[in-house]
Amino acid sequence: MELTLIVVVALLVIVAVHAVAGRVGVAAPLVLVLVGIGVSLLPAVPDIEIEPEWILGVVLPPLLYAAAVRVPTMDFRRDFKVISGLSVVLVVISSVVIGWVISMLIPGIGLATGIALGAIVSPTDAVATSIVRKARVSPRIVTVLEGESMLNDASALVLLRSAIAATGASVSLWGVVGDFLYAVAVAVVIGFVVGHLNLAVRAKLGDPTAGVAITIVAPFAAYLPAEHLHASGLVAAVVAGLVAGHGTPRRLTAQDRATERAVWGTLEFVLESAVFLLIGLELEAIVRDVQDHHGNPWQALVYASVVVALVLVLRSGFVGPLIWWMSRRQRRFPELRERINEAQGRVAAAPDHPRSKRMGWVLNQKLADIDYFTEAQFGRRAAVVLVWAGMRGAVTLAAAQTLPADTPQRSLLVLIAFVVAVGTLIIQGGTLPWLVGRLGLSGGDPGATERERDELRAHLRTTSRAWLDEQERLDDSVLDDAMIERLRRMMEAQESAEPAFDIAQVRRMRLALIDSDRAELLRLSELGTFSSQVIEEQLNRLDAEQIGLELRDHEDG
């Protein structure tokens, strides 16, 4: 009964905070952290300590899975080198440097234990990136930050495991590298299999409600076997989400997708908010533990300030050269574009070559990539946001609590990790919207987005006409000749087709056109000639229209 009351009160607090925060223009996650801290300091509230397994094994898998489903696979592919650099190389550098500094500052802390703390505070947090999305930065920055936060858990947790092992026995560099490669490789295979099984089962079920139940199980179905095999369960959940996000529009119905969006939207809202609230609620228990063992919790604030400063300096030192490398690569784009155009000419001159179609596709995709990097290029202002948006959160706190009980000065290290997580969330997260606005990176160019929408709609009208021409030549067309002719006139003059035809025939015609438009949108998504945001909007519109038509058809039937 007491647990039920706590859950109900927590949900009401979450809803109330989001309602108030939205009106006053403050990020709700930050308010939830502060509310949690305030509640934890009340005399009547007992110490709250959450088992790390609840965060790492229950909360994070579905959140990472949902984030991966939402990430545009084309954009993820384009910036995979940047994402992998931030999620692997930067984590390793940060862990080692922070470990060395901490081992010098805190008595009794060896290098291995210091690196363990470095691994704990190095990964950015996937839940914290919700603050980034609401700051209205460019979709490319959001994709990079979300991709980094989804993948850096593997490198951080493998380093943490190796560092803990090194405190009791020797661990070789090649052993750590081998553990990392094994953890990632096995996780990728498991996530790939689970993602495809998820889609196959849901496609066979044909029931949106049962399908959503399957997709809720999917992240745990990827996480548990991966962890059992000593691989990265979180990476497995991410890969399963990427596979599902890529395959859902191709293999599932519009009703499946709409139901999934609604359910996962609610789950993400509750889980993300609960994580921020729990981070604040744990403050009193962590501080009291430090007082019992060390007597002075204020030391943790000093050490945490040093760690935060190191994190920002190291991140700046990594992002700066990364942006320089990207700018240098971009200067070669005109020459590369010219080469691609020449190659396209050679492909067009040999249309009967067996690889001509595939080569034409690859070359068009390369040109689309160049256009994307040119339009959404990273400059100094984007670099500042990439540095400042690297907040820590639930992963840092949960990982800190996995330190063995006999770790030297364990409670102090846990409090340092807590201060780092909460400090970056409140300071960096609280000032991020102001910084984005100050740098002129918020909102993008509405005019450019609207022009792209118009261009996409015009392209779909062209492909619809081509589809109609094809239907006219088919013997088993879904439309009769009169409907094809009327539909062609309707597209040219924007007139309504309903008065002249039976309503069932009109719906059949529109559903066939929706299927044609969706296939073209998915092709464009693979090719990358339009932004993922605009294509996603159009796909959602088609889903909504299809659901409405199918519902009316069911009611009339």
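Author: One term to start: buried means under 20% relative accessible area, exposed over 50%, and partly exposed in between, with a 1.4 Å probe and protein chains only. Q409 is partly exposed, with a relative accessible area of 22%. This is a predicted model, where local features need pLDDT of at least 70, side-chain atom pairs count only at pLDDT 80 or more, and totals for chains, interfaces and linings use all residues. Residues are numbered from 1 along each chain as its sequence is written, and side-chain values use heavy atoms, with hydrogens and water left out.

Reader: Where is Q409?
Author: In the loop between helix 18 (394–400) and helix 19 (410–438). Helices here are DSSP runs (H or I, at least four residues), numbered from the N terminus. Phi of Q409 is near 55°, a positive value in a residue other than glycine.

Reader: What about H230, buried or exposed?
Author: Exposed, at 58% relative accessibility. H230 sits in the loop between helix 10 (208–228) and helix 11 (233–251). Its phi is positive too, near 60°.

Reader: Switching topic. How many salt bridges?
Author: The count comes to 21. The rule is a side-chain nitrogen of Lys or Arg within 4 Å of a carboxyl oxygen of Asp or Glu.

Reader: What does R70 pair with?
Author: With E268; the closest N and O atoms are 2.8 Å apart. That pair links distant parts of the chain: R70 is in helix 3, E268 in helix 12 (residues 254–281), and they are 198 residues apart. R70 is partly exposed at 35%, whereas E268 is buried at 13%.

Reader: And R257? What does it meet?
Author: D543, in a salt bridge of 2.7 Å, N to O. R257 is in helix 12 and D543 in helix 23 (residues 532–556), 286 residues apart. R257 is buried, with 6% relative accessible area. D543 is buried as well, at 3%.

Reader: Which residues are linked with them in a network?
Author: R257, R261, D515, R518 and D543 are linked in a network of salt bridges. R518 belongs to helix 22 (residues 503–527) and is buried at 8%. The side chain of R518 also has a polar contact of 2.6 Å with that of Q546. A polar contact is a pair of N or O atoms within 3.5 Å; within protein, one must be able to donate a hydrogen and the other to accept it, and residues adjacent in sequence count only if both atoms are side-chain atoms.

Reader: Back to helix 3. Where is the kink?
Author: At L60, shortly before the proline P61, and about 45°. The bend at a residue is the angle between axes fitted to the seven residues ending there and the seven starting there.

Reader: Why call helix 3 largely enclosed?
Author: Because 14 of its 19 residues are buried.

Reader: Last one. Which residues form the nonpolar surface patch?
Author: L3, I6, V7 and L11, with about 370 Å² of accessible area together. Patch residues have over 30% relative accessible area and no salt bridge; like charges are joined within 9 Å, nonpolar side chains (Val, Leu, Ile, Met, Phe, Trp, Tyr) within 5 Å. Areas come from the Shrake-Rupley method with a 1.4 Å probe; for residues, only the protein chains shown count as cover. I6 is in helix 1 (residues 2–24).

Notes
Helices (H or I, at least four residues) and strands (E, at least two) are DSSP runs, numbered from the N terminus.
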